[in-house]
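Colleague: Hi, could you walk me through this one? I'm new to it and would like to start with the charged pairs, then look at some helix packing.

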Amino acid sequence: MRNFSLLGPWAHRAFSSENGWLRIRQACIAFVTIAVAFICLLTWQRLRAEQELLDSTAQAQQQSLATIISENLTQVIDRGRTVAVAAESWLSGDHRETEQRLASMLAIDDIFLNLSLYDTSLQRVYSSSPGSVDPLADGELQSALLTVDRTAARTATVLVSSREQENLWAVPVLFPITDDIGASKGFLLVTLDLGYFLGLFRNIDIGRTGVIHILDGNGVELAEARAEGLTHQRQRQKFEELVAAAVADGSYVGDLRGTGPQLANARRVDRAPFIVAVTKELSEVRASHVRSSMRVWSSIAVLVSALGIATWGLLRGFRRQQQLFAALLRSDGEKRSLIAQLEAGEARAVTLASFDHLTGLHNRRLFNELAASHLEVARRSRKHYAVVYMDLDRFKSVNDTLGHHVGDRLLQAVAERLKIGLRSADIVGRMGGDEFAVLLTELDSAESVDVIATKLLHQLSLPYPDLDGHDVQTSPSMGIAFFPRDGHDVNSLCRNADSAMYTAKRLGRGCFSYYDAALRPRTDRAFRLQGELPQAIKKGELLLHFQPKVRLSDYRIVGFEALVRWNHTELGLIHPGDFIPMAEESGLILPLGDWVMHACCAQQAAWRSEGVQVVPLAFNVSPRQLRDAGLPRRVAELLFAHGLDAGDIEVEITESSLVEPLEMAVQVLEELKHMGVAVGLDDFGSGFSNLSQVRTLPISSLKIDRSFINDIRTSKEVGVIVTSIITLAHSLGMRVIAEGVELLDQLIQLKTAGCDEVQGYYLSRPVPANEALRLMSQPTIVPQ
């Protein structure tokens, strides 16, 4: 009885009732059905892919053959033009020498059957075969000449008559002859032997149903060659479908002769009124594939039969087990139910008292108790112990924008990754909100902390897909404190690890930092900068540097990005990473953003007044600015005040703008676009947005985040992602810009992937206005 109870609730459901048996049978049948359907779907997809590959290979081979034949025919027509140039001497009076030259040309080129020279009144004045019938005596051919431009020296005309000829493959081609100033002097009629021409390709294997066609410009067939040799239809056929395919320089699949679908590839001959087409019946192209498909489907039928028999045997065995154990399960059920209730109640009590109800991790109380217990052991051990304190970057934006249910799902997903990424000896807990703490225990060396922190940072920074229908991208900021160097108890270690975590946030988020008491002056510096920033804006201590955007097609500068700097009177030049985040947190980003807009317009006006052909100047607009309905009006006023066009500036927004409430932001962006101001998306790929969301916004350019560019040389997956972003953005009509290009290899890979523009230190660092003016004066930018 006791052993059987260990089978658990699954065995109880499976064997205790008739309904359990029915569910098992239904599940098995459903599984087999799904498996068979999945196998059939995969097989169909593979066979379909093989067929498409077979068709594309046949198309490529036929297109190559059509190209080779058309190029050879082009050479023949070019030799005809050479003869026409030589014949001009006859019309100028030099008969003897010209006649010898024409005879020599005719003798060395077997494809030329006959040469005839006509004056402007279409009277034959010379013929290489004087006794032959004059082709122009045919009324139909005379009528065709009415459409010939007699002054176009490079135009050749194919003259096709319905009258039967001795040589069915003889086609007369008419070349106008003009003097030096383009006036018409006459015509040269060259009779080509297309049978001889096609005979040059008789050793090429075109298949049982393959046909090489030579058509005139209207699609009328002049000659054709098959596997059995040259053929000719007494009644000339017209293939308008092949004319359309030749115009597109592509392929055509259809019924050309009423014999079934055919695969055709056509190409128009350069500088000549001929079309070369190669056709083959689809049944021959796909014959081997059909045989292979029949073998595959036969094998699958055998496999499905075997699977059905095995399933039937399995179900029969389950049924027998159900009958044997049903009685025993019924008698054991009451006892197991009571035991389960007692255990569940005890587990709930322990969980409520010690574990976080959302993530299942230790709560703050239990984490502190367990950590204190481990630290008592650590005092007598030579092993290393450390506390890692972390929270999630931009978690508030996720919670406020996507809803608390998505935020809860994100916290649960982070907890699961922490459980997987840590050892069983480590203690992990949720301290509240989006804050987590980890006690790393019994490490052999302090360097092991760096390895573990790097691993956790990577795992927690991977995308979180399908959180209630949303794909979320976030990263942790982590602070690390060592025991006993940075604290002798849990509270001091957590406090100092928390301080190190905020240092990591100031370093750019998505990283980890170790606690260092010597860094406290940096914190004091940050508070000082935050207090002095408003006066710096008013006193004009800010300045702009400019980094060029370079077009990869010709390496010309097609734009600049304006980057703000703080020229502090005591601390020197301060980069934006030291004061932009504090400006966003304190609300100073609005006056700072207005200063940047005004400075950009003033600089563009200054460059234009010096006679420089300016390029668009881009500046960033913060999410708070996008919530200001008066932003388009202020931009219009600045443009008018400085005499600029809307195309002289470009607004760049970050992905954080797309997780704010979008209604006002979209309205502001639409108004800017209506004014003519281009809108670009900066740092794409570092936040929550995707192209399906971006396509609904008035965005004209997309800038790939530098984190992708850094890894494009070393990670094949990143290269595929970058190429996909470029392809999809182009399909949505957007320009693609890559930032952070620092190496030649990165530049080459981006150009190969089709990227439009790049910016980065490899081409130019951000430079002052006078240096930017020098760069604009250069025809191209020279990489540094």
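This is a predicted model: local features need pLDDT of at least 70, side-chain atom pairs count only at pLDDT 80 or more; totals for chains, interfaces and linings use all residues.

Colleague: Okay, where do E369 and R365 lie?

Modeller: Both lie in helix α10, 4 residues apart, about one turn of the helix. A salt bridge here is a side-chain nitrogen of Lys or Arg within 4 Å of a carboxyl oxygen of Asp or Glu.

Colleague: How many salt bridges does the structure hold?

Modeller: It holds 30 salt bridges. One of them joins the side chains of D356 and R430, at 3.2 Å from N to O. D356 lies in the loop between α9 (287-354) and α10 (364-378) and R430 in strand β13 (residues 427-432), so this pair ties together parts that are 74 residues apart in sequence.

Colleague: Is D356 buried or exposed?

Modeller: Buried, with a relative accessible area of 11%. R430 counts as buried too, at 13%. The cut-offs: buried means under 20% relative accessible area, exposed over 50%, partly exposed in between (1.4 Å probe, protein chains only). On that scale E369 is partly exposed at 43%, and R365 is partly exposed at 41%.

Colleague: Got it. Which residue does R409 form a salt bridge with?

Modeller: D468, with the closest N and O atoms 2.9 Å apart. R409 sits in helix α12 (residues 404-421) and D468 in the loop between β15 (464-467) and β16 (470-472), so the pair links parts 59 residues apart in sequence.

Colleague: Switching to helices: at what angle do α19 and α20 pack?

Modeller: Helix α19 (residues 631-642) and helix α20 (residues 662-675) pack at about 25 degrees, their axes 9 Å apart. Axes are lines fitted to C-alpha atoms, for helices over the stretch in contact, and angles run from 0 to 180 degrees between N-to-C directions. That makes α19 roughly parallel to α20; angles under 35 degrees count as roughly parallel, over 145 as roughly antiparallel, 65 to 115 as roughly perpendicular and the rest as oblique.

Conventions
Residues are numbered from 1 along each chain as its sequence is written. Side-chain values use heavy atoms; hydrogens and water are left out. Helices (H or I, at least four residues) and strands (E, at least two) are DSSP runs, numbered from the N terminus.
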